[in-house]
Amino acid sequence: MFKKFDPNEDVSTSTQVKASVQRNIKSQITAAHPFFAEPNNTTVLDELLPKKPPLVQYKCGPHLMLYCKQSEGSSSSAGDEPVFFQHRDGPILPTLKFVHKHPKVEFTRVRVDAGAIPYLLGGANIMCPG
């Protein structure tokens, strides 16, 4: 999927996220990931996504929105760091780069059998009992 991604062709628009929309994004992340709702972890999200510099929203294709944090002192999109993404109206999920950069933040996890990993990497869906 990412091998074919070309920012010059695949990104249709890029806009800075308003402060009110950024607060809404933070509240959605807090609701989806219980780690940020704990009393001693409420400031972690503010440290990870500060007000300055604002988030930049990229619309990639018809259904994917990519939220990037602007690097300080950079006005071009080449220095932006992808932080979260959203497919259609689904939950806002962290990028793998963001998860690996901040290992102490505990996002919601799913554990799968080792035999399923090649299929998941190939794009298969995960189904769980219940």
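Me: How many helices and strands does the secondary structure of the protein come to?
Reply: This is a predicted model, where local features need pLDDT of at least 70, side-chain atom pairs count only at pLDDT 80 or more, and totals for chains, interfaces and linings use all residues. Residues are numbered from 1 along each chain as its sequence is written, and side-chain values use heavy atoms, with hydrogens and water left out. Helices (H or I, at least four residues) and strands (E, at least two) are DSSP runs, numbered from the N terminus. The secondary structure comes to five helices and five strands.

Me: What pattern does the protein follow along the sequence?
Reply: The elements are five helices and five strands. Read along the sequence, they follow the pattern α-β-α-α-β-β-β-β-α-α.

Me: Which order do the five strands of the open sheet have?
Reply: Two strands pair if DSSP finds at least two bridges between them. Strand 1 (residues 11-16) and strand 2 share five bridges in the antiparallel sense. The pairing in the open sheet is antiparallel, and the order is 1-2-3-4-5.

Me: What does the twist average from one strand to the next?
Reply: Axes are lines fitted to C-alpha atoms, for helices over the stretch in contact, and angles run from 0 to 180 degrees between N-to-C directions. From one strand to the next, the twist averages 25 degrees.

Me: Which residue in strand 3 is the bridge partner of Q57?
Reply: Strand 2 and strand 3 (residues 64-69) run antiparallel and are joined by six bridges. On the other side of the pairing list, Q16 stands opposite V56 in strand 2. In strand 3, the bridge partner of Q57 is Y67.

Me: Which residue takes a positive phi in the hairpin of strand 2 and strand 3?
Reply: The hairpin has three residues between the strands. The phi in question is near 70 degrees, and the residue is G61.

Me: How many of the six residues of strand 2 are buried?
Reply: Buried means under 20% relative accessible area, exposed over 50%, and partly exposed in between (1.4 Å probe, protein chains only). Of the 130 residues of the protein, 28% count as buried. Strand 2 (residues 55-60) is largely enclosed by the rest of the structure, because its buried residues number five of the six.

Me: Which residue in strand 4 is the bridge partner of L66?
Reply: Strand 3 and strand 4 pair in the antiparallel sense over six bridges. In strand 4, the partner of L66 is F85.

Me: Which residues form the aromatic pair?
Reply: Rings of Phe, Tyr and Trp (its six-membered ring) pair if their centres lie within 6.5 Å; planes under 30 degrees apart count as stacked, over 60 as edge-to-face and the rest as tilted. A search of the whole structure finds one aromatic pair. The pair is tilted, with 5.2 Å centre to centre and 50 degrees between the planes, and its members are F84 and F98.

Me: How many residues apart in sequence are the parts that this pair ties together?
Reply: F84 is buried at 1% relative accessible area, and F98 is buried at 0%. F84 lies in strand 4 (residues 81-87) and F98 in helix 4 (residues 96-101), so the parts tied together are apart in sequence by 14 residues.

Me: Which residue forms a salt bridge with E81?
Reply: A salt bridge is a side-chain nitrogen of Lys or Arg within 4 Å of a carboxyl oxygen of Asp or Glu. The structure holds one. E81 counts as buried at 17% relative accessibility. The closest N and O atoms are 3.3 Å apart, and the partner of E81 is K101.

Me: Where does R88 lie?
Reply: Most residues other than glycine have a negative phi. R88 is not a glycine, yet has a positive phi of about 55 degrees. R88 counts as partly exposed at 49% relative accessibility. R88 lies in the loop between strand 4 and strand 5.
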